[in-house]
Amino acid sequence: MSEPRDVQSEQNETVDPQTDAQAVDAEQVEVVEGETPEEALAGEVVDETAEKIASLEKALAAAEAKVAEQQDSVLRARAEADNARRRADGEVEKARKFALERFAGELLPVIDNLERGLQMADTENEAIKPMVEGVEMTLKSFVSTIEKFGMAPIDPQGEAFNPELHQAMSMQESADHEPNTVMAVMQKGYELNGRLLRPAMVMVSRAPSSGVDTQA
């Protein structure tokens, strides 16, 4: 009679492992009033997942900010390189255009002398007519050559006075010209590729002064 009671007692003392695990989990989870242990455990899992998601989102935002900063640095470096290249190209182009500036300036007196020689020559004198024609051809060829390199004369006869291109040597009253009109060109000016090489020396008109009769 004692053996069945012992077996029954051992069966009662044996604990289901699953039931024991649930009991332990229930003890570890703080149970809110009106909440089952299973619900409390599920809530804790949700909280841990939310924390992990927030941490991952924070890391992702930091990575995106770093990438954006690096992209901005690359764009700035590229813009600086482009600006440097354009400046270098501009300097090379400027050097190419104005490399002959000093040499061209030295040629101007030669042109002036050829033009003065033609102005002083007696074109009616048959003895020197061939020489005059030779000087004219030389001057024409000379001017044509320098124009190929960007040189251009400034001959403002009859134009309005421009202080950026003309140098007024004198002023004269004139009723036949508008005030500040170039009446005569004493020496032509020249420019090289749009840059002033030498201003034209000119005579400028001004309005005639009106006399007042004081004998009335």
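Ala, Val, Leu, Ile, Met, Phe, Trp, Tyr, Cys and Pro count as nonpolar, Asp, Glu, Lys and Arg as charged, and the others, Gly among them, as polar. The model is predicted: local features need pLDDT of at least 70, side-chain atom pairs count only at pLDDT 80 or more, and totals for chains, interfaces and linings use all residues. Residues are numbered from 1 along each chain as its sequence is written, and side-chain values use heavy atoms, without hydrogens and water.

**View 1. The largest pocket has a volume of about 170 Å³.** A pocket is an open set of points on a 1 Å grid over the protein atoms alone, where a 1.4 Å probe fits, with protein on both sides within 12 Å along at least five of seven lines. Its volume is the space filled by probe spheres set on the points.

**View 2. Asp 112, Glu 115, Arg 116, Gln 119, Asp 155, Val 185, Met 186, Gln 187 and Lys 188 line the largest pocket.** Lining residues have an atom within 4 Å of a point. Helix 4 (101-120) and strand 3 (182-187) each give two or more residues. Helix 4 gives the most, with 4. The lining has 5 charged, 2 polar and 2 nonpolar residues. Helices (H or I, at least four residues) and strands (E, at least two) are DSSP runs, numbered from the N terminus.

**View 3. Helix 4 and helix 5 (residues 129-147) cross at roughly 150°, their axes coming within 10 Å.** Axes are lines fitted to C-alpha atoms over the stretch in contact, and angles run from 0 to 180 degrees between N-to-C directions. The two helices are therefore roughly antiparallel, a term for angles over 145 degrees.

Methods
Parallel < 35°, antiparallel > 145°, perpendicular 65-115°, else oblique.
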